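Dear colleague,

I am handing over the structure that we talked about, and my notes on some of its helices follow below it. Please read them with the structure open.

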Amino acid sequence: MEFAADFYKKPESKKRQLTAEIFDSLSNSLSEKERLLGEDHLEVATILQLIGDICDAMRDNKDQALNVLKRCLDIRKSQLSHDHPDVAAATKSIADLYYNHDENTEAAHFYRLFLDLATSSLGEHHRDVIDAKSKYNYISNADLSQKIKIYGELIEEGRGVLGNEHPTIGYFWNNMCLLHWRSGDRDAALKAIQQSSRIYYASCGNMDSRVANSLVSVGRIEGHMGGKVKELEAYEAALKILQDNNLGSPQEVVDLLNDCGRVSELIGNSTNAIESYTAALSIREQAFVENGEECEEYAESFHQIGFLYAKQGDITTGLSCLCKSLRIKSAIHKSPHKSVAETLWAIAIWQEDRGDKDGAIRTFQKTLQTEIALYGKHHLHVSQTLQRLANLFEERGHDEGALEHFREVLRTQKRLNRDSSELVETLTRIGHIYMHRRELKEMLTAFSEAANIAAKPTSEVVPSPDADNLRWYDIKFLCPDGAPAA
């Protein structure tokens, strides 16, 4: 037990190293025992269970772990009584393996077998029995209220056997959080995951990935409940644990940095958001150097950083990052792709904001071509890009180009049954262009149609689609505080 407690508190990298060393030692020992004692000896079975449990813990090879554990069980069943504690232990190891790989039907089967065997041989208050009960309860078909009730009883039982601050109790609280979350009780879920985090910290210190994972869960729940500042604090605390102790995979660190950046952006802290996204980008750049492959996430980091720089007023740096994002995305996606259209759109609106109207027109035209290839001519995104182009042509005094695009906007708006106010706005813009060109007949036709639509009863007005149909990058540009979480 002293070794186990000390092991939990070691940095994750050191634990992985020790686990690999133990695995190699056991593999050598297995070969020696098989040579000296035979392949069906009970000592061979003992080593097989250890190897299987380590394979499962390392998540390296599920099939290898399963084969090893089933061989262990077969040896023990052939030489021991059916309710022997060692038979029960091998059965539970197989159940845990299936549970860890989300194969719940098989896991439930082996947990039932284990509980039938172990309740009499080990006693119903044995730590392994309590652990099996908790996992079986979690994956059972019982309703949520019953599962929550059973977990409450198991936590109290586990405290009596294991103590208040054992990692298993932290795990129970983590599952209790998930059950409360699924039931819709966000407050109870938050309290449960805070308990889990506290117990993991007390039992494992701040050098265990479970502490960081529980803090991430705290952040997720705080975010769903609207506590964005607390959400960010939880992510930053989790990130510090991962970085200070070399825990987690590079992708896990990148994901957490992006979470910090996303929440910082939502609360208006663009500087912190840029720092987080840039740190994530540097990790992805290292992966690019090592693997020689650029990926969508790598390109998206440049997009996020570029948009934020431009939003802060540094449009030159912002456009540089966005153009790099576009280059990578275009290399990845040989055919039209949504993410390419998104970055083209972002480049165009910042070119327009900087005053480069001709550059914005060229980029919006590329955006339009990509969107038509993706969605067809009659789509909201296509209509929005046409609107931008029409506006720019009108500003540049290119009446013919403006009219051409406004007419396409109008056709698409009618095809999509857009809100009558949008139709009136477009027709009014068309009317003003005709007035500027002194084409009075066409002007009167446009203004009359606009007046007729405006005069319709409100019951005939078709509501606009909800915000899910808008581009996230368009919402960010027009209404920074209203952008949905990416």
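The axes of helix α5 (residues 85-100) and helix α7 (residues 127-139) come within 11 Å and cross at roughly 35°, where axes are lines fitted to C-alpha atoms over the stretch in contact and angles run from 0 to 180 degrees between N-to-C directions. Helices here are DSSP runs (H or I, at least four residues), numbered from the N terminus. Lys92, Asp96 and Tyr99 are the α5 residues that meet Asp128, Asp131, Ala132, Lys135, Tyr138 and Ile139 of α7, contact being heavy atoms within 4.5 Å. Of the residues in this contact, five are charged, four are nonpolar and none is polar, with Asp, Glu, Lys and Arg counted as charged, Ala, Val, Leu, Ile, Met, Phe, Trp, Tyr, Cys and Pro as nonpolar, and the others, Gly among them, as polar.

This is a predicted model, in which local features need pLDDT of at least 70 and side-chain atom pairs count only at pLDDT 80 or more, while totals for chains, interfaces and linings use all residues. Residues are numbered from 1 along each chain as its sequence is written, and side-chain values use heavy atoms, with hydrogens and water left out.

In helix α9 (residues 167-183), 13 of the 17 residues are buried, so α9 is largely enclosed by the rest of the structure; buried means under 20% relative accessible area (1.4 Å probe, protein chains only). Gly184, which follows α9, has a positive phi near 95°.

Ser276 lies in helix α14 (residues 270-291) and counts as buried because its relative accessibility is 8%. Beyond its neighbours within four places in sequence, Ser276 is in contact with Leu257, Cys260 and Gly261.

Best regards

Terms used
Helix = DSSP H or I, 4+ residues; strand = E, 2+ residues; numbered from the N terminus. Buried < 20%, exposed > 50% of the residue type's maximum accessible area, 1.4 Å probe, protein only.
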